[in-house]
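Subject: Handing over the two-chain model

Dear colleague,

I am passing the structure on to you below, with the sequence alongside. After it come my notes on what was found, which I would ask you to read with the coordinates open.

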Amino acid sequence: MSEPRLVELRRNVLKQNDIIARGLREQFRTAGVFVVSLVSSPGSGKTTFLEKTLTLLQPRYRVAALVGDLATENDAKRLARSHAPVKQITTGTLCHLEAAMVESALQGWDLQNFDFLFIENVGNLVCPSSYDLGENLRLVLMSVTEGEDKPLKYPTIFNSADVAVITKNELAAAVEFDWQAARQSVESVRPGMQIFRLSAKTGEGMQEYLDFLGERLAENRAVIPS
Amino acid sequence: MSIVEAATDEAKQRGVNVNAVHLRLGALSGVVKDALLFSYEVACQDTPLAGSRLIIEEVPVTVFCRHCKQNRVLASMQSFTCSDCGTPAGEVVQGKELEVFALEVEE
């Protein structure tokens, strides 16, 4: 037997996911649909926020949503109240969505029928950060009840996201939420990150965020070669 | 587990046995070193990699400082600022790796 030797092998462990995500991104681009994914810890209000988003966007835009959950279909049922097309992805024991799950969930949908597609990830601030889903925009949500230092505890997910949304602002006074401290936490792990502070329940701050989505959709379409 | 698959494929192609898998793990990869080491053994069971070692090289986060026009290693994951001048620096140059970069093999 010969001596052990070292062979070089540069292989990205998540290559398979990245290849599928690239395919999805191309598919989204061709269809002209703007894809937004949502990540947060469990209980930060993703589903309420998304239900409100779908409802408020619908008069002007065609919207749809995929929603990931470990076990139940409750979220899809809640989102269906918005009357937007919604599909549930049940991940079983998996704590995050992967590009392949998105790809198979999209079968049967003609993406050209949509302006916005939302993908709600499983509530988890760790694993979803590693998986590209082909989205145009990744929103990370944190509620005012979670503590201002959440970004410092989970820098990776905040760093992987494009925009931060602070939810449940109607509870801010009750929990003595320190907005400056929260903003500093976000800024220190993701300098320059845009932050929306809103309440899906009362609607406060929602319009600014919806306008932002509208602008991003328009920008995105403007760069697509006809 | 993709790490085991990647190494197994390569070993098969080369017709060699794998003693160790060398992995580069960025601090921003979203994967925890201890969790990987713990699950590696389980993932290797009943595969040609059973009994092999996983050697992890941790890669710190490097950002580009626009003020210094230099790449800087972050002093802390809680503060994306230049370690030299303190300017906020969000442009990540390195630190997202999750890559099998070498195999220690035997014929």
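This is a predicted model: local features need pLDDT of at least 70, side-chain atom pairs count only at pLDDT 80 or more; totals for chains, interfaces and linings use all residues.

Two strands are taken as paired if DSSP finds at least two bridges between them.

For the complex the predictor gives an ipTM of 0.80 and a pTM of 0.90, and chain B has an average pLDDT of 92, with 99% of its residues scoring at least 70.

The contact between the chains

Between the two chains, 28 residues of chain A are in contact with 26 residues of chain B. On the side of chain A that touches chain B, the elements that give two or more residues are strand 1 (5–12), helix 6 (155–160) and helix 7 (179–189) of chain A, and strand 1 of chain A gives the most, with 8 residues. By residue type, that side of chain A divides into 13 nonpolar, 9 polar and 6 charged residues.

Which strands make up the open sheet that has mixed pairing, and in what order do they stand? There are 4 strands in it, and the order is 1(A)-6(B)-1(B)-2(B). Strand 1 of chain A and strand 2 (53–59) of chain B stand at the edges, and because each has a single partner strand, one side of each is left without a neighbour in the sheet. Neighbouring strands of this sheet are turned against each other by 20° on average, with direction ignored.

Inside this sheet, strand 1 of chain B, residues 17–26, runs parallel to strand 2 of chain B and is joined to it by 7 bridges, with B:His22 standing opposite B:Ile55 of strand 2 of chain B. Strand 1 of chain B is also joined to strand 6 of chain B, here by 8 bridges and in an antiparallel sense, and in this pairing B:Leu23 stands opposite B:Val100 of strand 6 of chain B. Helix 2 of chain B, residues 33–44, lies across strand 1 and strand 2 of chain B and runs at about 165° to strand 2 of chain B.

The rest of chain B

Chain B has 2 helices and 6 strands, which follow the pattern α-β-α-β-β-β-β-β when read along the sequence. A further open sheet in chain B is formed by 3 strands in the order 4-3-5, with antiparallel pairing. Strand 4 (70–73) and strand 5 (91–94) of chain B stand at its edges, each with a single partner strand, so one side of each has no neighbour in the sheet. The twist in this sheet averages 45° from one strand to the next. Strand 3 of chain B, residues 62–65, is joined to strand 5 of chain B by 3 bridges, the two running antiparallel, and B:Thr62 has B:Gln94 of strand 5 of chain B as its bridge partner.

As for overall dimensions, the C-alpha trace of chain B spans about 50 × 25 × 15 Å along its principal axes. Chain B has a radius of gyration of 17 Å, whereas a compact globule of 107 residues would have one near 13 Å.

Chain A

Chain A has 8 helices and 8 strands, and its C-alpha trace spans about 70 × 40 × 35 Å along the principal axes. A compact globule of 226 residues would have a radius of gyration near 17 Å, and the 19 Å of chain A agrees with this.

Strand 7 (residues 163–167) and strand 8 (residues 194–197) of chain A run parallel and are joined by 4 bridges, with A:Ala164 standing opposite A:Ile195 of strand 8 of chain A.

With best wishes

Terms used
Residues are numbered from 1 along each chain as its sequence is written. Chains are lettered from A and ligands numbered from 1 in the order in which they are written. Two residues are in contact if their C-beta atoms, placed from the backbone, lie within 7 Å. Ala, Val, Leu, Ile, Met, Phe, Trp, Tyr, Cys and Pro count as nonpolar, Asp, Glu, Lys and Arg as charged, and the others, Gly among them, as polar. Axes are lines fitted to C-alpha atoms, for helices over the stretch in contact, and angles run from 0 to 180 degrees between N-to-C directions. pLDDT is the predictor's confidence in each residue, from 0 to 100. The radius of gyration is taken over C-alpha atoms; the globule rule is 2.2 Å times the number of residues to the power 0.38.
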